[in-house]
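Colleague: I have a model here and would like to go through it with you. Could you take my questions one by one?

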2 protein chains.
Amino acid sequence: MGDVAQRLADIVGTDNMASGDAVGDDYTGDEALVGERIKPRYVVKPATAEEVAAILRLATEERIPVTARGSGTGLSGAVRPHPDGMVVSFERMNAILDIDTTNHVAVVQPGVTLSELDAKTAEVGLGYTVYPGEMSASVGGNVGTNAGGMRAVKYGVTRNNILGLQAALPTGELIRTGGRTVKTSTGYDLTQLVIGSEGTLALATEIIVKLHPRLPHNTTVLAPFPTLNAVMHAVPRIVSSGLAPHILEYIDALTMAAITHTAELSLGIPDDVREASQAYLVVGLENRDADRLDGDVAVLGDLLTDLGASDAYVLEGTSARKLIEAREKAFWTAKAAGADEIIDVVVPRSALPDFLTEAQAAAARTESGVVGCGHAGDGNVHLAVFQKDEGKRDRLLHEIFAAAMELGGAISGEHGIGHAKKTHFLRLEDPAKIELMSRVKRAFDPAGILNPGVLFGRED
Amino acid sequence: MGDVAQRLADIVGTDNMASGDAVGDDYTGDEALVGERIKPRYVVKPATAEEVAAILRLATEERIPVTARGSGTGLSGAVRPHPDGMVVSFERMNAILDIDTTNHVAVVQPGVTLSELDAKTAEVGLGYTVYPGEMSASVGGNVGTNAGGMRAVKYGVTRNNILGLQAALPTGELIRTGGRTVKTSTGYDLTQLVIGSEGTLALATEIIVKLHPRLPHNTTVLAPFPTLNAVMHAVPRIVSSGLAPHILEYIDALTMAAITHTAELSLGIPDDVREASQAYLVVGLENRDADRLDGDVAVLGDLLTDLGASDAYVLEGTSARKLIEAREKAFWTAKAAGADEIIDVVVPRSALPDFLTEAQAAAARTESGVVGCGHAGDGNVHLAVFQKDEGKRDRLLHEIFAAAMELGGAISGEHGIGHAKKTHFLRLEDPAKIELMSRVKRAFDPAGILNPGVLFGRED
């Protein structure tokens, strides 16, 4: 240990390495609700891509498990370290290297936070459109989990908004993939392979993100519906309308009550309407032209009432912002309410009604509580699960995940598998795919140092 | 050979297998201008995914090279077979299995052509937005090359429009990747890895494509510019305008003269304007609302003249369609004019002026001709190269590709590397990436049967 610690200090400088008891509690995990926190043997804070590469070369030589860490806001335990391993923290690699208004890209280091990037790109009327609901998250973390969030219904997820990487391979090489272009057909797309790999294939040391023009006019419409089923049937019609909403969220009545209570938010909905509403749809529209936006809002209002909404409220600036923020903080509301797990299943949006029926049936069978909200336009459902008993919770989650997969969906839409959902992933996924992914993993990481135990690796 | 032929016939039926002299000339290559045509030992025409899997299992057992073939419209020789190998032709797997108007996807077999899919999706007001300029191309071929085309400036390339696959692995397993959802963070994205792999990793047997609403109103604006440089400087400004053009093409004066002559197309541009114009920009706009479209066209017209266009002509229905068709057929025009090679370099759009200057300088140094057109919004340049001498042409191409890479671009934006550009790819690409890609290839294809010699494989 002494030798490794010294060699790590030689790479990053003594002030940027800690080992043993000197490792801070911050580095012991993320925001996942399940799984213990683990103190790694080392924490290193590189400042350059070359330092990251040197660290990985050393780790491969010495067979030391490596866990990369951005802001630690993940929800699946993908940054939970190995007790004999090291955390590579990107907190010092947090520069915005370039904002390129001609090619509409920004080049950033992985540790930059979404709020920093948002502020800088706003100055030139552009924006990185991945909003996973936690603006202290890092762009590197987005790459790791293929983060999604609210605006994916219009702008896609992280993988649709990253054009290239510089990455350090576990074997110590630095490579560059992609570039400031949308098109390329020149070998395998290593950028896309690294995105969503949860730190198991390579560590991004520089990221080229796509920027979109920031449309100056936007509004938020809230529509109460008598049933959750009615909401789910409305969603595809709104997507098909051509109105191109950038937000299309559902919130069930229980979750709405909890988040508005927590946020001390009054939405001006009459009591009788609220009492008759089992679910809500939140629709965001934006436009470069104010009059066009007004026209679209009118079309949307008519469409919503046609689809069974009891009304359609155009939220004023402050309450709109507060509702979106409260919705983004739904995880914290659920956590405060004592939720035992948060999941983020995805299904084809047509399958949402069936999926939610199955999830409630599974909850009833296991005497559990399941409430939620989610990115309705994407079929991405966030469920807060209330079940203290680990065995029952495990059975419930298994049934929910199996139902989602049976309906053509997947276990995780945007949080990733990490440690938290690995056993379900390995039980439910096609063994041929697991085996193929393991071979791809070995192609990148022959010594198996990168995040062992995440996705499908060994848990030793 | 006899035994293998019999076993192949057992899988696909005697009528759907040919060997030796009975193999038709159609199966000897694609539309690449360089490289000899090669007759494979076998051609098989499977009807089901299970048949494809069985063929690959046999090929792995017997170490027989396999080349997948859609419509054979590729331009890089990626479907040129191995003389001892077999062609797997997807001509019988050409069904549209589902058009799903709720999730906005279609599920198709790989052999379906773009024109068939376009016609079927038009019936429900939706469309698959990859238009590589050849509507007889197959969707499976799009997957192989990550095809791009004119509308990528708005809708992205193939990889942005494919959500999932069923694929046969070289080892004989059938797997399903992705699904009818945009979001997923559940293991490595095998869909994206197979897209653009030019038939070297796995063979798609079913493809889930994203569909977009077909906007009912569109128009085409043609703007002559005094210099090519002025066109290139105008491009980023038009992309930034928020007008969201779905077509943004440049055509140099020589290419414009050739394609309008070939198409017997009169665009109503006065002689004096034409003589003073070195290049043209073609801008397509679309909208769900006719009045909004008119408003956008007016804004565009002002912008174009601000940017130095000598005028902006709104083309009438027939001439607009004819110009776009003639532009899509530019490859055939170049071929008819005796072009010796067609390339499709991509660079960041900001680098287009520098790149074209470098390309012309390289042409002058090698006494070659280089003219072209391209997807200006994407930085994707199609150059017709006139140079009969193979040594000089090789030097010219090397210099052009190196210049593109130096400017942050890539050798191919949408045609792929195939056999045609492999030597340049191997000479210019980072050896660490080539080695990593080779390891990924082996993870999929341990026996090396899939398209050996394409990208980086052995050429035996």
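Colleague: What area is buried between chain B and chain A, and what share of it do carbon and sulfur atoms give?
Modeller: Buried area is the accessible area (1.4 Å probe) that two parts lose on being put together, summed over both. In chain B, Lys183(B), Ser185(B) and Tyr188(B) lose the most area to chain A, together 16% of what that side buries. The total is about 6,100 Å², and the carbon and sulfur share is 58%.

Colleague: How should I read such values?
Modeller: This is a predicted model, where local features need pLDDT of at least 70, side-chain atom pairs count only at pLDDT 80 or more, and totals for chains, interfaces and linings use all residues. Residues are numbered from 1 along each chain as its sequence is written, chains are lettered from A and ligands numbered from 1 in the order in which they are written, and side-chain values use heavy atoms, leaving out hydrogens and water.

Colleague: Which residue of chain B forms a salt bridge with Asp378(A)?
Modeller: A salt bridge is a side-chain nitrogen of Lys or Arg within 4 Å of a carboxyl oxygen of Asp or Glu. The rule finds ten of them across the interface of chain B and chain A. For Asp378(A), the closest N and O atoms are 3.1 Å apart, and the partner is Lys183(B).

Colleague: Which side chain of opposite charge is nearest to Arg69(A)?
Modeller: Arg69(A) sits in strand 3 (residues 66–69) of chain A; strands are DSSP runs (E, at least two residues), and helices are runs of H or I, at least four residues, numbered from the N terminus. Arg69(A) is buried yet has no salt bridge. Lys and Arg count as positive, Asp and Glu as negative; His and the chain ends are not counted. At 5.7 Å, the nearest such side chain is Asp26(A).

Colleague: Is Asp344(B) buried or exposed?
Modeller: Asp344(B) lies in the loop between strand 16 (341–343) and helix 13 (352–365) of chain B. Buried means under 20% relative accessible area, exposed over 50%, partly exposed in between (1.4 Å probe, protein chains only). At a relative accessible area of 0%, Asp344(B) is therefore buried.

Colleague: Which side chain makes a polar contact with the side chain of Asp344(B)?
Modeller: A polar contact is a pair of N or O atoms within 3.5 Å; within protein, one must be able to donate a hydrogen and the other to accept it, and residues adjacent in sequence count only if both atoms are side-chain atoms. Here the distance is 3.0 Å, and the partner is Ser412(B).
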